[in-house]
Amino acid sequence: MPLEQPDQQHLRSAHGYIELGMFEEANAELEEIDPFCRALPEVLSTRVGIYQGLKKWDLMAVVAKKLVEGNPGEPGHFIDIAYATSRAESIDAAHALLNLAAGLHPD
């Protein structure tokens, strides 16, 4: 299900706020998106960026995990979850995730 207007505009606005370092405002824009569309990958990826900017590592890891579960073929999601995990838990836990990702994405 692709995002339709006005949800597309809220997502674009969130990206703009992220670029400006205005992460709370970006999050508020995502909250304006239809609740049924908030689990779409493009919205979740944006939320990962917001949580990274806010240094909410636990939340970033939860959202990145959803992205990995939804699309394990995308190596960038593993990097996001490992980054968050290294800050929320430990380097060893992040290393384990990256080893898993390396097995799935040898290139």
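Analyst: A residue counts as buried when its relative accessible area is under 20% and as exposed when that area is over 50%, with partly exposed in between. The model discussed here is predicted. Ser 86 has a relative accessible area of 16%, so it is buried.

User: In which helix is Ser 86 found, and which residues does Ser 86 touch, not counting residues up to four places away in sequence?

Analyst: Ser 86 is found in helix H5. Leaving aside residues up to four places away in sequence, Ser 86 touches Ile 91 and Ala 94. As for a residue elsewhere in the chain, the C-alpha atom of His 15, 71 residues apart from Ser 86 in sequence, is separated from that of Ser 86 by 25 Å.

User: Are Gly 49 and Lys 55 buried, partly exposed or exposed?

Analyst: The cut-offs above apply again. Gly 49 has a relative accessible area of 23% and is therefore partly exposed; Gly 49 lies in helix H3. Between the C-alpha atoms of Gly 49 and Arg 38, eleven residues apart along the chain, the separation is 14 Å. Lys 55, with a relative accessible area of 59%, is exposed, and its place is the loop between H3 and H4.

User: What does the backbone show at Lys 55?

Analyst: The phi of Lys 55 is positive, about 60°, although Lys 55 is not a glycine.

User: Which residues does a cis peptide bond join, and where is the proline placed?

Analyst: The cis bond joins Gln 5 and Pro 6, with omega about 0°. Pro 6 sits in the segment before H1.

User: What can be said of the dimensions of the chain, and what radius of gyration does it have?

Analyst: The radius of gyration is set against the value for a compact globule. For 107 residues that value would be near 13 Å, and the protein chain has 14 Å, which agrees. Taken along the principal axes, the box filled by the C-alpha atoms is roughly 40 × 30 × 20 Å. Of the 107 residues, 34% count as buried. Among contacts with a separation of 6 or more, 38% are between residues 24 or more positions apart.

User: How is the packing of a helix pair read? Are H1 and H3 roughly parallel or roughly antiparallel?

Analyst: The angle decides: under 35 degrees counts as roughly parallel and over 145 as roughly antiparallel. Helix H1 (residues 7–19) packs with helix H3 (residues 41–54) at an angle of about 20°, their axes being 10 Å apart. H1 and H3 are therefore roughly parallel to each other, and their crossing is left-handed.

User: Which residues of H1 and H3 meet?

Analyst: From H1, Leu 11, Ala 14, His 15 and Ile 18 meet Glu 42, Val 43, Thr 46 and Ile 50 of H3. By class, this contact has five nonpolar, two polar and one charged residues.

User: At what angle do H4 and H5 cross?

Analyst: Helix H4 (residues 57–70) and helix H5 (residues 75–88) cross at roughly 155°, and their axes come within 8 Å. H4 and H5 are therefore roughly antiparallel to each other. Their crossing is left-handed. Residues making the contact include Trp 57, Met 60, Ala 64 and Val 68 of H4, and Phe 78, Ile 81, Tyr 83 and Arg 87 of H5. The class count for this contact is eleven nonpolar, two polar and four charged residues.

User: How does H5 pack with H6, and which residues make the contact?

Analyst: H5 packs with helix H6 (residues 91–104) at about 170°, with the axes 7 Å apart. That angle makes H5 roughly antiparallel to H6. The crossing of H5 and H6 is left-handed. H5 contributes Phe 78, Ile 81, Ala 82, Thr 85 and Ser 86, while H6 contributes Ile 91, Ala 93, Ala 94, Leu 97, Leu 98, Leu 100, Ala 101 and Leu 104. By class, the contact of H5 with H6 has eleven nonpolar, two polar and no charged residues.

User: Where does Ser 86 stand in this picture?

Analyst: Ser 86 is one of the H5 residues that make the contact with H6. The residues that Ser 86 touches, Ile 91 and Ala 94, are among those that H6 contributes to that contact.

Methods. Residues are numbered from 1 along each chain as its sequence is written. This is a predicted model: local features need pLDDT of at least 70, side-chain atom pairs count only at pLDDT 80 or more; totals for chains, interfaces and linings use all residues. Side-chain values use heavy atoms; hydrogens and water are left out. Axes are lines fitted to C-alpha atoms, for helices over the stretch in contact, and angles run from 0 to 180 degrees between N-to-C directions. Helices (H or I, at least four residues) and strands (E, at least two) are DSSP runs, numbered from the N terminus. Angles under 35 degrees count as roughly parallel, over 145 as roughly antiparallel, 65 to 115 as roughly perpendicular and the rest as oblique. A crossing is left-handed if the near helix is turned anticlockwise from the far one by less than a right angle, and right-handed if clockwise. Contact means heavy atoms within 4.5 Å. Ala, Val, Leu, Ile, Met, Phe, Trp, Tyr, Cys and Pro count as nonpolar, Asp, Glu, Lys and Arg as charged, and the others, Gly among them, as polar. The radius of gyration is taken over C-alpha atoms; the globule rule is 2.2 Å times the number of residues to the power 0.38. Buried means under 20% relative accessible area, exposed over 50%, partly exposed in between (1.4 Å probe, protein chains only).
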